[in-house]
Structures are given as structure tokens and as C-alpha cells.
Amino acid sequence: MNILLNDNFDLKTYITNGGYNALKKSFTLKPEEIIEEVKKSGLRGRGGAGFPTGLKWSFIPKTKTQKYIVCNSDESEPGTFKDREIIHKNPHSIIEGMIIAGYAIGATKGYFYIRGEFAREARIIEKSIYEAKEAGYLGKNILKSGFDFDITVVRGAGAYICGEETALLESIEGKQGKPRIKPPFPAVKGLYGCPTVINNVETLASVPYIVIYGGENYSKIGVEKSSGTKLFSVSGPVKKPGVYEIPLGLSFKTFFYDWLGGMKEGEELKAVIPGGSSVPVITAEEAMNTKLDYESLQKIGTMLGSGGMIIIPKSQCMVELLYVLARFYHHESCGQCTPCREGSGWIEKTLNKILNYKAKKQDLDLIVDISNNMMGRTICPLADALAMPVISFVQKFREEFESHIEGNCKICGK
Amino acid sequence: MPKVIIDGKEFIAKENETVLNVAERNGIYIPRYCYHPALSIAGNCRMCLVEIEKMPKLQIACATTVTDGMVIHTQTEKVKKARQDVLEFLLLNHPLDCPICDQVGECYLQDYYMEYGLKKSRIDLKDKNRKPKRRDIGKHLILDNERCILCTRCVRFCEEVTKTSELFINSRGDHSFIDIKTEEKLDNDYSLNIADICPVGAFTSKDFRFKERVYRLSSTSSICLSCATGCKIKVQHNNGKIYRILPDPNIYTNTWICDNGRMSYKITAGPDRLTKSIIKSEEHHLNKAIIKLFDILKEAKEKNLKIAILLSDYLSIEDNFALYYLGFEILKTDLIYASKEKEQKIEDGILINKDKTPNSNAVSQISKLYGIKKYEDLKDCDLLIGFYDDIEKLNIPKNKSVALSYKADKEYDNLIAIKTYFETEGSFINWQYFLRKTAPSVSAPTDTISVYDLCLKISELFGYYPKEKELNKIFNELKYKTED
């Protein structure tokens, strides 16, 4: 589907490559027909949770109240940098996707919520919105269809939690980014209390393709329940790290050797975090036997997540790595729910002791216990996002943690 | 009406009712910190987690609305474990302050710990997070951020009830702390309610701090007389001393009380409390004072002097009628005065009434019934009996007055030391026309007397023995409502 076409950031190039044809086609369809196409395509939310996009759109009530479409571009998950690439290379595909989504759900207003650190990207999007407006793709009576749509760019202030959709809404409203209790879901009561759809950048960028080629054709890419292509942002000591668009269902082995070129000289694969830092880690062996799609990864106890793939070599101490993750999640916990607020700090403190050879034997079980006590007991999944790595790291690499308690880690040599 | 099963028993719930409310209505208590019936739902403390069949995760009872056929468990091992875990998290960074904390005895942390926790701490003392302590946050409050469990009841109170929004959560994660938005102080008219709703010892009342342990206090239900709203209150006292006033939440008048009303108990034991009556600038014990007063009245009556009586919006129905009786039946004077009708309305949209007297709705009715003149008509008199606060406002020569007073005032020649309504009963009609009674919570100083008893004693000295029935007949003539 060529989300990453080169030089498409320019409106002229985008149009030469067939840009905004999907929008034109959309206006010949009824909104319900578009939702139906998206449902048929099997497109699932690319932000991490993988919720079926068409279904999400269909939850919007058919009333005449104000509705909103929000593009979630708060890409902050450690290891994930795919949305940034789309903004750089193909910003109009996101804008086109947003307008189509707005038309499909009856929203006349869109918000482009972009991560605070993405200063350059915010400028790109603002410029693209300006271009689209000048060309008549945004504003009043778009392409004489009678449909009005406008997009406002909102920049975040650097909080990871604002990627959670309800915290994001709070942030747009000018409040502290703290997730809301659900239900009510945003589809019923979202931004400013109005029905709202929040979609990831990559999800929205896939919409024009689906409209042009039809949902059925899109669903032919990939495997049964994981249709289409997915961007993977690969970091770690592989020969060719970067952002890749692959058809879902590709085997990790093929991806690893044929696309990424395998490990760098002198490095050996130890483990993989397949979908951003909050998903459970898998060992090299598990990785080599799995395919990259929602179901296959779920089967082995991890998740596709955002596609932020972190390749971990044997030379990396897992205790050190987990400590970095724990520090991140502790720092980013909004502090609303008790288990996450207190548990994240407690895990970081305990891991710090383990890392620095100051821990007692029971501390290893303690962090697993804390993680279990945090899991599933909070408003948003940030607690789980820390608990899952902790549990999987300790479970799969227990000997490394034990060596830190005994005081003889051969890897980090601290 | 959805039917639900909680812990094996079937209950009928109201539409859109939460699990917590249905359970509570039927006598099943679910522990909570952030939930407060008068505030919006925050759902952050996670203490009220319950198990609901067909839902994979535990759900918070405070925010989950019931649906027909829902099966809820509040006492399973899974639920108890969750409560224990949440409690462990809450106590993780909580200081070991209990011996010096004012909340002891009404602390949710302590209470639930005894019920669900009873676990040894798994964190080293030196690893606990430190936060600001003993912050002077406002006129009436001290804030200890270390004790705070961040339930946000206080933040929501200031946003939703007083709409002053002084408080917010500063910072994030386990470094979050309640802070004040501006450099100004937390100084709204209802700030002490925050000390009440704070489930732990984070907000404490400057007035009450370190005075008495709450488990030693007894509670007496009464009403606040600071304005015509007439809020229901609980007066808490021990060993004849009042320590604090709390609201007695009810659907009719008030959920909260104002800070001013909360401080009204100070009249009972302030340094200027009048404990002995003064007649002709001399202090007397009660019996002697009554006889001296009788002598003055008798002499005035014999000399045909003009004796005026003031009814008072500050005094109870019984006291006012006894005063009227004394004037009309005994002293045979028609110089009886009352204040004119007052405008009554809630001036701040919450509780504080424009009419700052507690009983004008009763007194104005008595005035109408008995054709009593207004204060403004009082031109000239030789002797005047009335309540101190009214006399103060009326500009009457102080040597001509006999003031019924709680307060000592050297400018008066004659002051009768009367009981406050914390020390004696009295009936009042509030601005909604509810008839309510004060109840004595502490005993009055020995040489004080209620206005009613004083009038009775004087009547007796004049040789009249009014029957109680005669004095109570006024209640048949007044218009009022009762709560049930």
C-alpha cells in the first residue's frame, strides 16, 4: 500500500501519485458504505491495541450532534518511530484518511494531536494542512460535496500517557493528561463530551488505499485476522535497522534475515521485544518460530503492539534493560490510580537495587509480585505496560537477574 | 428496574445506579477512598474493586453501573486480595505518623488495614518517598502531603462545591502532591469540610489539631444558629468541652457546613464568656442576680416606669414567647418590640444565608400573631430587657438596659448570664420553615440560666405560676414543617 512513498510530502507529488482520489471517490459513496468497506478490509488499529477500525467507526451514534475525529500522533512508546516516518514521507495520506474518516462518521472537525517532541513533524503537518486547504481538500464544501472539514494541530507537552486516547482528549481540552474512566467510551462521550473517534496515524494513512482498492482487496494482503500491511520500526544491532512496511503474517525469520540483514558482526540475537517496550519480551528461539501478525504473537504470550521492534543482542544485560524500562514507566505514570502510581516507583527502586548488587534474594519475587498486583487494576493499561515486561523478563531471563543478586553479572560487568 | 445479585442475594436496583450504591443501600459495605456521595466519581483509589461475573478483570464498584442480571461478588478471595494489595500500595510511601496524627480513630487507612491489610511492610523505611509536611495551606487548614493518598476528594470539593478550584495535583506519578494553584491561601467559606472528607490525615483542622483524640469524643445532633439556613450539625465534645462541629448531612438542608458555623461553638468557652450575671455593675451568683433583677422590675412597675421588652431573632421560640409572656402578662407593658421581616436567600449559592439570624421566621410570625411593634418604633423607655446583640444594634443607653448575654461587656450595668444553645434546648424555624431543635451537648457554667427559666423565675417572684401548656401554646399557632 506504499505508505512510505518517497517525496510524497509535497502535495504535487502526492496528487501525481493518485493522492486525494480516494477522497473524491468517498464523496460518491454513502458514509455507511465507507464504514462497511473499512470493516471488510479487516483493518485493525495500528497504535497498539489492534481494535477493528471499521467497528470503532460504527459505534458513533447517527445523531446530528457535533462529532470529532482525532488523529493520535503522540508516538512515544520506546522503540516506536513509524508514525514519524509517515509524517515525513507521506503526510497527505494521513490528512486524506482523516477527511474520509470524518465524512464516514459525520465529523466536521479533526484534531491532529502530535507529540510535543515532534517539532519538525508538527511543522510538516501544519504545512500540509495549509496546502490541502489551499487546494480545497479542507475547509467549507470540500470538492463541492457539501461536506465541511477542518483540522487543528495540537502539540503535546511531552507526556507518554497522552498517547492513551482519553488522556489525549483531556490534553486537547487543556487539562492534565489523565486517562478517563471507561465507559463511557469516546465514541459516546469523547472530546468536549461529544462522540469522538481516535485513530492512530498509520491507521488513518491506510484508509485512502482501502477506499480506492476496496476493503476486500486490502484484506487479501496479510493473513486471515491480521490483514494488510504493518509498519515495523526496528532498532537494535541489526545490519539494517529502520522502518519497514511488511505484509502481516510474514515470518520473523524471513524478516530478520532477508529484510534486516541479520545481526551486526560480532552480535548474537538473544531476545526480541516485538511491539514496543510495553509488550512481553520473547526469546530468540520463540522469535524464530513465530510469524509477525496479531494472532501468532498473541499465541506465544506477547503482542504485535505498535510494531516498535527492539532487537536485543546477547551482549545486553537484561537487568539493565528492564531497569531503563521501569524508570521510563515510573516517570510517565500519571499517578492517578494507586497500583500504578505506587507500584511503578517501587519496581524501579527495587530494580535499581538488583542492578547495583544491593538486592536481597526475595526482591526478585517481589518485583514479580508487585507487577501481578498492578496488572489489570487500573484505569488505563500503563500499569500493565510495565508489569508485562517485568514478568516476562524475570520469567525468561531469571538467571541474569540472579547473577545480579549474587553479584557476578558477566554481561554488564558492573 | 434491573435486578442484580450481590453476594448471592437478589436486589432491585435503580436505573443507572452504581454497584457501590446498590450494595450500600442494601447494607453491603464496599471499602472506598476516593468515592464520596456528594462529589463526582474519580475512580482512582481502586479500593472498591469487585468481581463481576462475565467480566475478566475486577471492576471498580463506584463507577460501574448495574445492568439487569449482573452477578457481583464483594467478598471473594480475589476481591480481598485486591483490597489487600491496593492497601499495601497506599501504605507503601505513607509515613509512620500515626502516634502524632490527628486522624487516628477516623482514619480509613487504619480501619481498612485492620480489616484487609495486616501485612508487614515490604519496603525499607529509607526508601519511602518524602513529601512536604505541615504546610500552612489556609486560614483553617494544615496539609501534610506525605500522608495524602491522592484520592482528589479535596480537589473535587473545591471544583464542584465551592467552585473556587484552589487545589490541584502537582507533578506526576508517585511524586504527585496536592498543591494550591496560586500563591494565595485555601480560604473559601467551606474549607474545613475538606478536613472532614479527607479520608486520611492529610488535611487537618488548625482549630482541632492536637486538642483531643476523636475516639474520646461524643456526638450530639443539633442545629447551627449562624444564619437562617439552620444546618444540621453534630457537636462533638468530651468532659463538658466542645471540640468541634461537623455537618450532619441530610437531604433537606445541608451536606456541608460553613467555616463560620463550625467556629460558632467558641461562644461557649471563649475568654469573654459571661459566667456570672452583673446587676448594677456588681457580679452576683445566679439566685441573687434573679432577686436583684426582680427588685429592679418591681420598683419600675410600682413607679409606673416604661419597661420595654425586645424579642430576638437570635433566641428560640420558647425563649421569645417567655419574654413576651413576661412583658405582656406580668409586667403589663405594651412596649414589646421585634425586628422587622428579613430577606432570606442563600447568598453564595451553597449554604450561607443573607439573613444572619436563626429564628426570624418564627419571631416574625409571633409578631404578627400578637401585634408586636417593630424595633424602629421604640422611641423612649426607662428600662429595657433584651438580647445583647439586639441591644447593641439599637443604640439604647446602656445603663437603662438589662442585656441577656453570653458575652461579658463592661459598658453594661446589667448583664444576665444566659445559657447558649449548646447548653440548652431551643426550637427554631429555618428559612425553609423546618422546625428544628438544638440539643444541649455540654453543661452550662453554674451561674447561667436559660431565658425561658429566667422569665419563669421572675414570674414566680411576682406571684404568677404559668403552666407549661400556656407557654407552649404558641407552637399550635405557628406555621412550620417537620422533616418527615
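Which residue in E6(A) does A:Val234 stand opposite? A:Val234 stands opposite A:Gly242.

## Basis of the model

This is a predicted model, in which local features need pLDDT of at least 70 and side-chain atom pairs count only at pLDDT 80 or more, while totals for chains, interfaces and linings use all residues. Residues are numbered from 1 along each chain as its sequence is written, chains are lettered from A and ligands numbered from 1 in the order in which they are written, and side-chain values use heavy atoms, with hydrogens and water left out.

## Chain A: overall form

Chain A contains 18 helices and eleven strands (DSSP runs numbered from the N terminus: helices H or I of at least four residues, strands E of at least two). Its radius of gyration is 22 Å, close to the 22 Å that the globule rule gives for 414 residues, so chain A is as compact as a globular protein of that length (taken over C-alpha atoms; the rule is 2.2 Å times the number of residues to the power 0.38).

## Chain A: the open sheet

An open sheet of mixed pairing is formed by five strands of chain A, ordered E6-E5-E11-E8-E9 (strands pair if DSSP finds at least two bridges between them). Its edge strands, each pairing on one side only, are E6 (242-247) and E9 (282-283) of chain A. Strand E5 (residues 229-235) of chain A runs antiparallel to E6(A), and six bridges join them.

## Chain B: helices H8 and H9

In chain B, helices H8 (residues 317-330) and H9 (residues 360-370) pack at an angle of about 30°, with their axes 10 Å apart (axes are lines fitted to C-alpha atoms over the stretch in contact; angles run from 0 to 180 degrees between N-to-C directions). H8(B) is therefore roughly parallel to H9(B) (an angle under 35 degrees).

Note on methods: Parallel < 35°, antiparallel > 145°, perpendicular 65-115°, else oblique.
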